[in-house]
Amino acid sequence: NYTNLFPAANFNYAYKPNHNISLGYNGNTVQPTINQLQQLRNNSNPLYQYIGNPNLEQSFRHNFSLNHNSYNFLKEMWTYQSINVNVTDNAITNSTKINGITGETLTQPVNTNGNISMNAWMGVGTKLKKLNINVYANYQFNHSKFVELINDQKNNTVTTTHGVSFYFNK
């Protein structure tokens with residue numbers, strides 16, 4: 001039996017016309033699938049076997065967000081910034097055990113902590129009145145850490161990306 005819980009809270013504040021900031025939180029549970037819970041081995045490939053884990057607990061995801069937007073009518077200029085952070089408690093990931101001699105691999109789902117992802121972006125745009133076109137510049141940042149077990153040792157996979165873009169439209 002699992003209890004589903006989906007809390008949410010949002011706050012939006014317009015500190016002057018066409019300028020606002022918002023904070024948000026959303027939470028949700030993630031239940032293990034039937035395949036993750038069943039202890040039956042899938043031995044269709046003798047070198048790679050998957051076994052379920054009846055002791056899995058449900059995961060809980062937390063999502064936090066902060067956003068800011070502004071627009072200046074006279075200058076026809078807009079800005080926006082945003083950051084989102086996701087943290088998962090009791091994440092369902094895999095424990096993989098590899099036999100170095102035979103090459104046999106046994107994978108089983110387990111609960112771990114430490115999974116986190118975040119992304120942020122910001123941008124500015126304005127209208128070039130003489131040319132009657134809009135010009136935009138954006139920056140984006142993404143970062144994630146995923147935890148799993150390999151031969152009973154914690155393995156962290158960390159990914160970070162950055163991106164910059166410029167574009168025009170009419």
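This is a predicted model: local features need pLDDT of at least 70, side-chain atom pairs count only at pLDDT 80 or more; totals for chains, interfaces and linings use all residues.
Strand β5 covers residues 59-72, while β6 covers residues 77-89. The two run antiparallel and are joined by 13 bridges.

Is S59 buried or exposed? S59 has a relative accessible area of 3%, so this serine counts as buried. Its side chain reaches the backbone oxygen of N90 at 2.7 Å.

What surrounds S59, once neighbours within four places in sequence are set aside? The contacts of S59 are N28, T29 and V30, together with T88, D89, N90, A91 and I92. Of these stretches, N28, T29 and V30 fall in β2, which spans residues 19-30.

## The β7–β8 hairpin

Another hairpin is formed by β7 and β8, with six residues between the strands. Here G103 is the residue to check, with a positive phi near 85 degrees. The two strands pair in the antiparallel sense over eight bridges, and in β8 the bridge partner of K97 is L106.

Strand β8 (residues 105-112) has a parallel pairing too: three bridges join this strand to β4 (residues 48-51). In that pairing, Y50 has T107 of β8 as its bridge partner.

I98 is found in strand β7 as well. With a relative accessible area of 41%, I98 is partly exposed. Beyond residues up to four places away in sequence, I98 touches E104, T105, I150 and N151. Here is a contrast to trace on the model: I98 and N72 are 26 residues apart in sequence, yet 60 Å apart in space, C-alpha to C-alpha.

## One salt bridge

How many salt bridges does the structure hold? There is one, and the side chains that meet in it are those of K97 and D152, at 3.6 Å from N to O. K97 lies in strand β7 (residues 91-98), whereas D152 sits in the loop between β10 (133-150) and β11 (153-169), so the pair ties together parts that are 55 residues apart in sequence.

The two partners fall into separate accessibility classes. K97 is partly exposed, with a relative accessible area of 39%, while D152 counts as exposed at 55%.

Which residues make the nonpolar surface patch? The patch is built from F11, Y13, Y15, I21, L23, L66 and I83, and has an area of about 610 Å². Strand β1 (8-16) and strand β2 (19-30) each supply at least two of its residues. The largest share, three residues, comes from β1.

I21 is the patch member that lies in strand β2 alongside L23.

Methods: Residues are numbered from 1 along each chain as its sequence is written. Side-chain values use heavy atoms; hydrogens and water are left out. Patches are made of residues with over 30% relative accessible area and no salt bridge: like charges are joined within 9 Å, nonpolar side chains (Val, Leu, Ile, Met, Phe, Trp, Tyr) within 5 Å. Accessible areas come from the Shrake-Rupley method with a 1.4 Å probe; for residues, only the protein chains shown count as cover. A salt bridge is a side-chain nitrogen of Lys or Arg within 4 Å of a carboxyl oxygen of Asp or Glu. Helices (H or I, at least four residues) and strands (E, at least two) are DSSP runs, numbered from the N terminus. Buried means under 20% relative accessible area, exposed over 50%, partly exposed in between (1.4 Å probe, protein chains only). A polar contact is a pair of N or O atoms within 3.5 Å; within protein, one must be able to donate a hydrogen and the other to accept it, and residues adjacent in sequence count only if both atoms are side-chain atoms. Contact means heavy atoms within 4.5 Å. Two strands pair if DSSP finds at least two bridges between them.
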